[in-house]
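Please follow the account below with the sequence and the 3D structure side by side. It goes through the sheets and then the helices.

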Amino acid sequence: MRRHRHAKIVATVGPASNTPEMLRTLFLAGVDTFRLNFSHGVQADHARVHAAIRALEQEMGRPIGILQDLQGPKIRIGTVAGGRLELATGETVRFVLEESDGGKDAIPLHHPEIFAAVVPGQELLIDDGRVRVRVSGLGAGTIEALVVTGGPISNRKGVNLPGTLLDVSPLTEKDRADLAFGLELGVDWVALSFVQKPSDIIEARALIGDRAGLMSKIEKPQALERIEDIVRLSDAVMVARGDLGVEIPHEDVPGRQKELIRLCRHLVKPVIVATQMLDSMVNAPAPTRAEASDVATAIYDGADAVMLSAESAAGQYPAEAVSMMDRIIRSVEGHKLYYSIIAASEPETEETAPHAVATATATLAEAVHASAIVTYTESGTTAARVARKRPRPPILALTPNLATSRRLSLLWGAHSIHTQDVDSYEEMTAKAAHYAQAEGFAKPNDVVVAAAGIPFHVPGNTNNIRLIPI
């Protein structure tokens, strides 16, 4: 079954969507990859969802991606007195490293890395910035702070420190246990939260190896300072606008989103735009016009995928949210300005033979109005290089690697097919024509363009383009 769009949809699984019946409904509505959020739930719950998705994959005969999103070193206050404190603007409060009663003069903050990093004048943002305090003094295991923006704080609310590089591993003990569990299950992608520097990616890669794709979540301003190195070391990127939008000015987020998408296209890395895309659909059957425009903007920017979080995990209308996102994507991609906008934002192509072949493949397919582009790929790189051009014809990515076929469910324009590898030029041509018709992309008298490497079975050797009449 084919999707009639190029950009992909990622949906988070939660209480509203974790049954086999609802997972099936969401897949039919348009989900390409399911996200398992390890900030919530227990491992046994995620294992049941993973098994249900794999059973659905067998039923549908289509590769389905599974993304494991690790919690990361989320900084939170501890338990406060009565479960809630009201901080008034202008008053002074104290944070303490040790256990305490949680009053205003002893708010527990069990993160020694913060006490080692902060200096007077820095701001701490609590509960996504709803409450702001400025450090006024430091003591032995204490932080004095002036409340700049007052409001309520409650147990375990998150804390952000804009502009502060914390000496902390991106993988907590919980993350390491969850990662080992996810890799044993066989997840396709692992998302690393709160990436600050390239060494964070290297640390995670040492544990993951090639057992899953490594996705960096960009949600810290420190990551933006080394962003090209981080993207090069990653297999994919998520523009996680939630925490990022807390730590940098709101007005800077749209520009950063465009920069990240363009950089990922240049470096041939799939990029997801995430957080609050259709947020009102948590409680309403339709989004606001601004939310619809937000999703559309990500598609016009050239994102590979857009993601639903609470909308599909805990909302009242998960299927409607997926369906709405699908309709927005198809509407944008069918708009007369879409391809001119995409072409205007196209990054420069690296001057190498593989990139040149991919560019020529996409250009030829456009010129002859091909019904599809067929790529033979072991790792998915050939399909990704073609997808960077954002061609009008869909990309049929044929691969003998099941893990690759699942990971390609994140790639713009790719319809991944798990199949046996080819051994001859004639077999390549016949198989390309067969799948183009069998998957509903071509009919007699159409033309498809195929890209492959000769000799066969040599990864990264794409050197041949073939025009194939059906």
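Ala191 has Met215 in E13 as its bridge partner. In this predicted model, the pair belongs to the join between strand E12 (residues 189–192) and strand E13 (residues 213–218), which run parallel and are connected by 4 bridges. Both strands are part of a barrel of 8 strands, closed in the order E1-E2-E3-E12-E13-E14-E15-E16 with parallel pairing. On average, and with direction ignored, neighbouring strands of this sheet are turned by 25° against each other.

A second sheet is open and has 6 strands, in the order E6-E5-E9-E8-E7-E11, and its pairing is mixed. Strand E6 (107–108) and strand E11 (159–160) are the edge strands, each pairing on one side only. Within this sheet, strand E8 (residues 131–139) and strand E9 (residues 142–149) pair in the antiparallel sense over 7 bridges. For Gly139, the bridge partner in E9 is Thr142.

Strands E17 and E18 form another pairing. Strand E17 (residues 372–376) pairs with E18 in the parallel sense, over 4 bridges, and Tyr376 stands opposite Leu398 of E18. Is strand E18 (residues 395–399) mostly covered or mostly exposed? The strand is mostly covered, with 5 of its 5 residues buried. In a regular strand, side chains alternate between the two faces of the sheet. In E18, Ile395, Ala397 and Thr399 point one way, while Leu396 and Leu398 point the other way, and all of them are buried.

Next come the helices, with H12 as the reference. Helix H1 (residues 20–29) packs against helix H12 (residues 318–333) at an angle of about 15°, and their axes are 9 Å apart. H1 and H12 are therefore roughly parallel to each other, and H1 passes H12 in a right-handed crossing. On the H1 side the contact is made by Met22, Thr25, Leu26 and Ala29, which meet Pro318, Ala319, Val322, Ser323 and Asp326 in H12. By type, the residues of this contact divide into 6 nonpolar, 2 polar and 1 charged.

Helix H10 (residues 289–301) also packs against H12; their axes come within 9 Å and cross at roughly 50°. H10 and H12 are therefore oblique to each other. The crossing of H10 and H12 is right-handed. Here Ala292, Val295, Ala296, Ile299 and Tyr300 in H10 meet Met325, Ile328, Ile329, Val332 and Glu333 in H12. The residues of the contact of H10 with H12 divide into 9 nonpolar, no polar and 1 charged.

Is Asp326 buried or exposed? Its relative accessibility is 12%, and buried means under 20%, so Asp326 counts as buried. Leaving aside neighbours within four places in sequence, Asp326 is in contact with Arg5, Ile9 and Ala29. Asp326 and Val306 are 20 residues apart in sequence, and their C-alpha atoms are 9.9 Å apart in space.

Notes
Residues are numbered from 1 along each chain as its sequence is written. This is a predicted model: local features need pLDDT of at least 70, side-chain atom pairs count only at pLDDT 80 or more; totals for chains, interfaces and linings use all residues. Side-chain values use heavy atoms; hydrogens and water are left out. Axes are lines fitted to C-alpha atoms, for helices over the stretch in contact, and angles run from 0 to 180 degrees between N-to-C directions. Helices (H or I, at least four residues) and strands (E, at least two) are DSSP runs, numbered from the N terminus. Angles under 35 degrees count as roughly parallel, over 145 as roughly antiparallel, 65 to 115 as roughly perpendicular and the rest as oblique. A crossing is left-handed if the near helix is turned anticlockwise from the far one by less than a right angle, and right-handed if clockwise. Contact means heavy atoms within 4.5 Å. Ala, Val, Leu, Ile, Met, Phe, Trp, Tyr, Cys and Pro count as nonpolar, Asp, Glu, Lys and Arg as charged, and the others, Gly among them, as polar. Two strands pair if DSSP finds at least two bridges between them. Buried means under 20% relative accessible area, exposed over 50%, partly exposed in between (1.4 Å probe, protein chains only).
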